[in-house]
Amino acid sequence: MRRWLAERERDGLMFYELSKRSGVPATTLSGWVRKVRAEPSCDSRVRFVELRAATPVDRPKRVEIVTRTACRLLFDLSVDPDQVTRLVAALDRC
């Protein structure tokens with residue numbers, strides 16, 4: 001939708017003209033213009049900053065799975081994922 005609205009701005013189109021091009025009703029297009037204008041504008045001074053942990057983060061050595069039948073399983077990360085998948089599937093059938 002924003003692409004169509006940008007085209008309208010760039011080409012100076014009326015809503016009915018853009019409606020013909022896009023196939024989107026003119027009332028929908030004008031509604032989107034109001035929504036976009038109501039959104040807070042982005043502050044151009046805001047930048048993304050990479051954050052790094054001050055100390056190394058330990059990765060979990062185990063994973064817990066709760067099945068649909070509320071069975072809780074705790075696995076070491078070294079377990080074969082295919083075996084875990086088959087076990088969980090079997091338990092869900094019970």
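## Packing of H2 against H3

In this predicted model, H2 passes H3 in a right-handed crossing. The residues that make the contact are Phe15, Tyr16, Leu18, Ser19 and Ser22 on the H2 side, and Ala26, Leu29, Ser30 and Val33 on the H3 side. By class, the residues of this contact comprise six nonpolar, three polar and no charged.

Helix H2 covers residues 15-22, and its axis lies 8 Å from that of H3, at an angle of about 115 degrees. H2 is therefore roughly perpendicular to H3, because angles of 65 to 115 degrees are counted that way.

## Packing of H1 against H3

For H1 and H3 the angle is about 95 degrees and the axes are 10 Å apart. This pair is therefore roughly perpendicular as well. H1 contributes Arg2, Leu5 and Glu9 to the contact, while H3 contributes Leu29, Trp32, Val33, Val36 and Arg37. The contact of H1 with H3 has five nonpolar residues, three charged and no polar.

In soluble globular proteins, nonpolar side chains tend to be buried together. Here the largest nonpolar core consists of seven residues: Trp4, Leu5, Leu13, Leu18, Val24, Leu29 and Val33. Helix H1 (2-11) and helix H3 (26-38) are the elements that each supply two or more of them.

Leu29 and Val33 belong to the H3 side of the contact with H2 and to the H3 side of the contact with H1.

## Surroundings of Leu13

Leu13, one of the core residues, is in contact with Glu7, Arg8, Leu18 and Arg21, leaving aside neighbours within four places in sequence.

Conventions:
Residues are numbered from 1 along each chain as its sequence is written. This is a predicted model: local features need pLDDT of at least 70, side-chain atom pairs count only at pLDDT 80 or more; totals for chains, interfaces and linings use all residues. Side-chain values use heavy atoms; hydrogens and water are left out. A nonpolar core is a set of buried Ala, Val, Leu, Ile, Met, Phe, Trp, Tyr and Cys residues joined through side-chain atoms within 4.5 Å. Buried means under 20% relative accessible area, exposed over 50%, partly exposed in between (1.4 Å probe, protein chains only). Helices (H or I, at least four residues) and strands (E, at least two) are DSSP runs, numbered from the N terminus. Contact means heavy atoms within 4.5 Å. Axes are lines fitted to C-alpha atoms, for helices over the stretch in contact, and angles run from 0 to 180 degrees between N-to-C directions. Angles under 35 degrees count as roughly parallel, over 145 as roughly antiparallel, 65 to 115 as roughly perpendicular and the rest as oblique. A crossing is left-handed if the near helix is turned anticlockwise from the far one by less than a right angle, and right-handed if clockwise. Ala, Val, Leu, Ile, Met, Phe, Trp, Tyr, Cys and Pro count as nonpolar, Asp, Glu, Lys and Arg as charged, and the others, Gly among them, as polar.
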